[in-house]
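Welcome! Please take a moment to look over the sequence and the model, and then let us walk through them together.

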Number of protein chains: 2
Amino acid sequence: MLQSELTLRRDKIRSLMAQEGIEAALITCNVNLLYTYGRIVGGYLYLPLNAPARLFVKRPNTLKGEYVHPIRKPEQLPELLKENGLPIPAKLMLEGDELTYTEYTRLAACFPETTVVNGTPLIRRARCIKTEMEIEMFRRSGIAHTKAYEQIPSVYVSGMTDRQLSIEIERLMRLEGCLGIFRTFGQNMEIFMGSLLAGDNAMTPSPYDFALGGEGLDSSIPVGANGTLLQPGQSVMVDMGGNFYGYMGDMSRVFSIGKLPEKAYAAHQVCLDIQEAVIESSKPGAVCEDLYNMAIGMVTKAGFADYFMGVGQKAKFIGHGVGLEINETPILAPRMKQELEPGMVFALEPKIVLPGVGPLGIENSWVVTESGAEKLTPCEERIIDLRSGASQF
Amino acid sequence: MLQSELTLRRDKIRSLMAQEGIEAALITCNVNLLYTYGRIVGGYLYLPLNAPARLFVKRPNTLKGEYVHPIRKPEQLPELLKENGLPIPAKLMLEGDELTYTEYTRLAACFPETTVVNGTPLIRRARCIKTEMEIEMFRRSGIAHTKAYEQIPSVYVSGMTDRQLSIEIERLMRLEGCLGIFRTFGQNMEIFMGSLLAGDNAMTPSPYDFALGGEGLDSSIPVGANGTLLQPGQSVMVDMGGNFYGYMGDMSRVFSIGKLPEKAYAAHQVCLDIQEAVIESSKPGAVCEDLYNMAIGMVTKAGFADYFMGVGQKAKFIGHGVGLEINETPILAPRMKQELEPGMVFALEPKIVLPGVGPLGIENSWVVTESGAEKLTPCEERIIDLRSGASQF
């Protein structure tokens, strides 16, 4: 990665550090290393406020450079700083919402004279405003993601289960370059590549704070497809994570097996209308809770409120920031006073589940610009009938 | 899951708690909830030493039962315990090696009068000895895993890259029932489903403590296939995670594109010989470091020591416990004084990388029994020539 891009990112973090009097950051979690060093390593990026960043690396042992130093264990850090002419910081931040308790306390103990604070919220604040290069990665991801989705009708075979169709879509995603892993903030929200929800399975509540759940195939990963046989009159929602370059582009599309009841198309249109209205208002300065309330107002007026964002268990948001992880800030949810800013990238996902039919609605990823929001996932938004083949795209 | 199985598992944890004077455990990480409650939920399992376990659940909101109680936030725990006639514990354990610093300190703060200790090592010790039911899950996984690998020659097409072959194998694994997600202990060791390493890419060191690395396809996940064109004279190692029922069965097999140099077959045989000797000694009471040293002795005598377990950067183990996560105890490594016990399940993976050829060797999962070790991954161990089709199985 270009050094200028890394400097830009580090300086975004540094400017927030300066506001809080933090003299240095010690970064060791994968996504934050990826953000600040451009690749994942086993080791530590030490980021002082007023000096170049240094990498202290365990693995791989092949990395070299003026600011790269081998290390075996974190207890060497104070000595290595001294050897390189760097003072012990008076105030240091660690990744408190990401490191385990044991790792955090071990690192903090290496700096007994230092005030140690949780730096995760600050780093997430920096990561929330994407750079031009990051936005370009999202654009490219959206194109590859679209290419994969456009081939979905070609892999559908009558008599398939949701699981079988999901496997073929996973393969399409991988062939278009999807890296597969699905990164979330918070260790408990596990999912494989994404989800495919058919028919009433979309009503099954999950242990996670996803928009929709699904029973899953095993109690060890209770989310997504559950072996439902795909049958005429059902809708199918495909929501695969679009991680093609490290960035979790988010896009859902709805397919049908044959024709759906008219109510389903009406519900789908309500979601498209909500998307249009919310995006129309998604300008710098827009307040997240206002966007959420606008969606609730529209879906209530349309008579679908009971089926919006789940049935028995509802997700309490209509959108969320995306980036190196699927659940970044901002969050379009009640009581969220945060304002949109240029460079924020978020997924907007108004979704309705109709009992006896399945999931309807839409999800796209968007970047906030000075003048509005730009769509990053340019795929057909109508409900595509899997029985009619690929010609509808 | 059967209540008797859950009771058995909980009592294994309780007997270790009793030894350390711990009055209760509060369990909230996915694999530990899966182990002690039989499925993943959003919530907390409270496990007292001398009373039935209780589940305090946030999501899904559909779980009911005598010992199941809804909860919104952990700060309600002391009150909920009181309501259910349970005393505040004098000594409580939390998952200190798994919870984030923020989560751990938040939970600990709910019990201001309590001594809070890190319970992760204790739970891992309990999980290390598998129950009969868990061993049966491994046996079934090994059979499904083998079925997928046996179809590998049928998806090979001349002119493929390692990435393309990997995608077809991932699909075979999924069609045989693999759940896909690859669970590791420690948040930094990320991988998608497993790895496929062809030719010299197997020499590339990774940021993780895996037996072999690989460059990967993107700096955001630098491990595994890197786009190498599969060519005559190369070896290909397939090492996909065998997670069919939540248990991470581990199995590697080597394939070739046409015939390999004689030295490659010799190296492969050395690994098979090491496997045979180590397994012959893998009886209850065997010391892990002795098994490691035996392997090093054999590979040194055979003249392949420089290429064993990596080239420039070497893994310092030949085997590791497997279970709900890929890296459990015991670890077959230097200075590991732990003795094997009946019910332990481990992967043994003597591997050699030959420059100009690629990875050779073997990996199987084994369960320690009273009389020795039983193989859980019953797949052909010879090098299979991908150009000759599936008949070699």
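Which strands of chain B does helix α6 of chain B lie across? Helix α6, residues 132–150 of chain B, lies across β8 and β9 of chain B. Its direction is at about 25° to β9(B), a strand that covers residues 248–256. As you explore, please keep in mind that this is a predicted model.

**A sheet in chain B**

Strands β8 and β9 belong to an open sheet of four strands in chain B, with the order β7-β8-β9-β17 and mixed pairing. At the edges are β7 (194–198) and β17 (384–385) of chain B, each of which pairs on one side only. To follow one pairing in detail, look at β7(B) and β8(B): the two run antiparallel and are joined by five bridges. Strand β8 of chain B spans residues 235–243. Within this pair, B:Leu197 has B:Met237 in β8(B) as its bridge partner.

**A buried strand in chain A**

Now turn to chain A and find strand β16, residues 364–368. Is this strand mostly buried or exposed? Five of its five residues are buried, so β16(A) is largely enclosed by the rest of the structure. In a regular strand, side chains alternate between the two faces of the sheet. Here A:Asn364, A:Trp366 and A:Val368 point one way, while A:Ser365 and A:Val367 point the other way.

Strand β16(A) has antiparallel pairings with β13(A) and with β17(A). The table sets these two pairings out.

| Strand paired with β16(A) | Residues | Bridges |
|---|---|---|
| β13(A) | 345–348 | four |
| β17(A) | 373–375 | three |

On the β17 side, A:Trp366 has A:Lys375 as its bridge partner. The link from β16(A) to β17(A) is a hairpin through four residues.

**Two domains in chain A**

Stepping back, the domain assignment divides chain A into domain 1 (3–127) and domain 2 (129–392). How far apart do the C-alpha centres of these domains of chain A lie? They are 35 Å apart. Eight residues of domain 1 of chain A are in contact with nine residues of domain 2 of chain A. On the domain 1 side, α1 (3–19), α2 and α5 (120–128) of chain A each supply at least two of the touching residues. That side of domain 1 of chain A has four nonpolar residues, no polar ones and four charged ones.

**Where the chains meet**

Finally, look at the place where the two chains touch. Here 48 residues of chain A are in contact with 48 residues of chain B. Helices α2 (30–37), α4 (101–109) and α8 (162–175) of chain A each bring at least two residues to the side that touches chain B. Of the contributors, α8(A) gives the most, with five residues. By class, the side of chain A that touches chain B holds 21 nonpolar, 18 polar and nine charged residues.

Notes. Residues numbered from 1 in each chain as written. Chains lettered and ligands numbered in written order. Predicted model: local features only at pLDDT ≥ 70, side-chain atom pairs only at ≥ 80, totals over all residues. Pairing = 2+ DSSP bridges. Contact = placed C-beta atoms within 7 Å. Axes fitted to C-alpha atoms, helices over the stretch in contact; angles between N-to-C directions. Nonpolar A, V, L, I, M, F, W, Y, C, P; charged D, E, K, R; others polar. Domains from an automatic or database assignment. Buried ≥ 20, exposed ≤ 12 C-beta atoms within 10 Å, placed from the backbone.
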